[in-house]
Amino acid sequence: SHSHSHSHSHVHGTRQETEQAAVDLEGGETPGVVLFRHLKKVLAEKDIISPEELRKGVEKAENLGQNLEGPRLVARAWVDADFKQLLLTDAARAAETLGMVAKNSTAATVLTAVENTENVHNLIVCTLCSCYPRAILGLSPTWYRSRSYRSRAIREPRALLAEFGTYLPKHVQVEVHDSTADLRYIVVPMRPRGTDDWTEEELAKLVTRDSMIGATTLSLPKDDDK
């Protein structure tokens, strides 16, 4: 894994160069990509839809039909200290106790769970291709497979996280975990405050795919709707 402790202002200095390098590697933009990029910019500038609202819409569309294995693992870890310890030491075994298979059907993979805390934020990437715990999180999002994400997660994680609406205090250390063909990761996000009396099922509904990759953190819905 990689540690990044530099400040938010520092990483912005190389963002343009890094993004341009990623674009150059991928070739020219298609007309559809150009249209989407400009439309997204206009919608944000006119406050019609925020980047966060757009991200949530994309995540919801890409998550259709999943069995929510990941959120169930996280919710159980939040309410059961012994289970959390098992999850962090042997995620596959922890998944089995809930009737889940943590290994991808196409390869014998090891699932490793990493926990976000007040001082450490974990971010998952696969710099070589798009290795991802599909058995637990379903299909990987398109942005996770992009060259831009794969390069910037390593080079400038704080700037990348900011584009997901994730702004971390300077004291929080960002740990970037690089997945491989036989090693996949899942992030156990921090439990939102104000959920002490929530049931495990209610908590599971709070957990998002992006939070289990480490791209976002979790908070209560604005109307506290369970």
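Which residues does Ser179 touch, not counting residues up to four places away in sequence? Point 3 comes back to this.

1. **What you are looking at.** This is a predicted model, in which local features need pLDDT of at least 70 and side-chain atom pairs count only at pLDDT 80 or more, while totals for chains, interfaces and linings use all residues. Residues are numbered from 1 along each chain as its sequence is written, and side-chain values use heavy atoms, leaving out hydrogens and water. The pLDDT is the predictor's confidence in each residue, from 0 to 100. Its mean over the protein chain is 84, and 80% of the residues reach 70 or more. Please read residues 5-13 with care: there the pLDDT is below 50, and the stretch has 12 contacts in the model beyond near neighbours in sequence.

2. **Overall make-up.** The protein chain has 13 helices and five strands; these are DSSP runs numbered from the N terminus, with helices (H or I) of at least four residues and strands (E) of at least two. Of its 226 residues, 40% are buried, where buried means under 20% relative accessible area, exposed over 50% and partly exposed in between (1.4 Å probe, protein chains only). A contact means heavy atoms within 4.5 Å. Among the contacts with a separation of 6 or more, 73% join residues 24 or more positions apart.

3. **Ser179.** Here is the reply to the opening question: Ser179 touches Ile124, Val125, Cys126, Cys131, Tyr144, Arg184 and Tyr185, with residues up to four places away in sequence not counted. Ser179 lies in the loop between strand E4 (173-178) and strand E5 (183-188). With a relative accessible area of 3%, Ser179 is buried.

4. **Aromatic pairs.** Rings of Phe, Tyr and Trp (its six-membered ring) pair if their centres lie within 6.5 Å; planes under 30 degrees apart count as stacked, over 60 as edge-to-face and the rest as tilted. The count by this rule is five aromatic pairs. In one of them, the ring centres of Trp143 and Tyr144 are 6.5 Å apart and the planes stand at 70 degrees, so this pair is edge-to-face. Both partners are buried, Trp143 at 17% and Tyr144 at 1% relative accessibility. Ring pairs also join Tyr132, Trp143, Tyr144, Tyr149 and Phe164 into a cluster.

5. **The core and H5.** A nonpolar core is a set of buried Ala, Val, Leu, Ile, Met, Phe, Trp, Tyr and Cys residues joined through side-chain atoms within 4.5 Å. The largest one has 51 residues, and Leu73, Leu87, Ile136, Tyr144, Tyr149 and Ile213 touch the most other members. Helix H5 (residues 69-79) gives the largest share of this core, five residues. Eight of the 11 residues in H5 are buried, including Leu73, Val74 and Trp78. Their cover includes helix H6 (81-89), helix H7 (91-97), helix H8 (134-137), E5, helix H12 (200-204) and H13. Leaving aside neighbours within four places in sequence, Leu73 is in contact with Phe83, Leu87, Ala94, Ala95, Leu98, Met100 and Ile136.

6. **Ser211.** This residue belongs to helix H13 (residues 209-213). Ser211 is buried, with a relative accessible area of 0%. Ser211 and Val188 are 23 residues apart in sequence and 8.0 Å apart in space, C-alpha to C-alpha.
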